Amino acid sequence: LRESVDVRLASYWTTVFWEAVAKEGTGMGAMILRAGRSAAPYLMRQRRWEEAGTLLEQVINRDRSPATVAGTVPLLQRIAEETEGAVEGIEGAGVFARALSLAGRTGEAVAILGKLEQQAVESGQYRVASTAAGELTNLLLDADHLAKALTVLERKKDHTHKAGLGPWTQLADEGRRLQILNALGLSEEVLAAVQARREEMKRLPESRGGNETVEPWHVKEALLSTGHEAAVGLKRWQEALSLNEEVIQVAVGRGATALEVARTRYNDYGPLLRLQRYDEARRLLHQCLAVFESAGDTEDLGMVHSAIADLECQLQHFQEAARHESTALRLKYCALLPRGCALSHFNLANYLIRTNADARLALAHRLASVLISYQTDDGELPRRLNAVRKHLAPPSPSDPPASFDELCRLIEQTE
């Protein structure tokens, strides 16, 4: 009976999945996620590993929330283990590596992808090699290894060409190149290139062809987001808002989850603040806060509380700013984000100083930010040390804590 059920329901959910993909531009994103997750167990019990892996890959491409990633990692690990050594095992390992990277297990993902790319080239599977090199490029970019990322990207472009892949895949390679250039500070060049590509994308087919390894909507969102980031770096706020609105339209059009859309809308907060459109920024941040609370995403919650603190500071509501930054600090420690914790300690010290709070407490948060920057080598140490020097300059009303234990006692007054 179970075998019969597995066959029937695998067929049912797989059919629903591909029909939803065909109509994704009409808001079928939620059905794609449901059908992909639902089909996987039935397919895996029939040992249809490649089909299950394909559907789970499509799911994590669309929904990278912690719950979805946590649910797919063990399934993809099983698929990778069961197909190791087989031709389809190369692609299965790549999808598993991508899920590991989304789950924060970057070292494991890098090792798997490097081995996967080499195996694929040796066996002439350039399509798989292109995908593996692309994922490896993303990981190196996230880790700020920019020169290595560019080197791997050049290999990827060669794999893409040898595999005969289509215009969307080629455009995705160009988008990754622009991301790296953005990280190198070449914002003018990046923004000009994105504006030119906006017109090119309009002439490409909306649906994914058989010679593509990427979804058109994914390329659009990534390229426009890179342009948005460049515009923010150049302080061209209105242009940044325009680009992000286009990203939102693509996401809504494909039926993205409320969490995905909220994360994208959040990117408008900085430009709105700099344009002094404070009421719009407040509405946006509290809308995002409600979605993030509903999703239970600790990292997003820490981020949005810091943003609300920034807004309140701009309006000189320093007590409120300190309250929200304290909440952000607690959440960032829960999410194990050292760079975010250091920034929140630093900002909280600023707000405490302006509320005339205990000067030693403010200094303790300054020192905490310095210590985390030093231990993690996040590049912010000189700026934060300079802030401590100013804090201690005469006529300073406070002395530094006598020991690390005393520093901890002061810091832990904040939950």
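Predicted model: local features only at pLDDT ≥ 70, side-chain atom pairs only at ≥ 80, totals over all residues.
Helix α6 runs from residue 106 to residue 122 and contains 17 residues. From its first C-alpha to its last, α6 reaches 24 Å, which is close to the 24 Å expected at 1.5 Å a residue. Five residues of α6 are named as buried: A109, L113, L116, E117 and A120. These residues lie on the same side of α6, because they cover an arc of only 100 degrees around the axis. An α-helix has 3.6 residues a turn, so residues three or four places apart point the same way. On the face of α6 turned away from the buried side, the exposed residues are G107, A111 and E122.

S123 is placed in the loop between α6 and α7, the latter formed by residues 126-142. S123 counts as partly exposed because its relative accessibility is 42%, a value that falls between the 20% limit for buried residues and the 50% limit for exposed residues. A polar atom of the S123 side chain lies 3.2 Å from the backbone oxygen of A120. A120 is itself among the buried residues of α6. Also just after α6, G124 takes a positive phi of about 75 degrees.

Of the contributors, α6 gives the most, with five residues. Sorted by class, the lining of the second largest pocket has eight nonpolar residues, five polar residues and three charged residues.

L102 lies in helix α5. L102 counts as partly exposed because its relative accessibility is 30%. The C-alpha atoms of L102 and G209 are separated by 26 Å, and the two residues are 107 apart along the chain.

Most residues other than glycine have a negative phi, and most peptide bonds are trans. K235 has a phi near 60 degrees, a positive value in a residue other than glycine. K235 is found in the loop between α11 (216-233) and α12 (237-253). With a relative accessibility of 60%, K235 counts as exposed. L336 likewise has a phi near 60 degrees, again a positive value in a residue other than glycine. The loop that holds L336 lies between α17 (318-334) and α18 (338-354). L336 counts as exposed because its relative accessibility is 70%, and the cut-off for this class is over 50%. Between the C-alpha atoms of L336 and A364, which are 28 residues apart along the chain, the separation is 20 Å.

A further leucine lies within a helix. L289 is found in helix α15, which covers residues 278-295. L289 is buried, since its relative accessible area is 9%, and a residue counts as buried under 20%.

Note on methods:
Residues numbered from 1 in each chain as written. Heavy atoms only, no water. Helix = DSSP H or I, 4+ residues; strand = E, 2+ residues; numbered from the N terminus. Expected span 1.5 Å × (residues − 1). Buried < 20%, exposed > 50% of the residue type's maximum accessible area, 1.4 Å probe, protein only. Arc of directions from axis to C-beta. Polar contact = N/O pair within 3.5 Å; in protein donor to acceptor, adjacent residues only side chain to side chain. Nonpolar A, V, L, I, M, F, W, Y, C, P; charged D, E, K, R; others polar.
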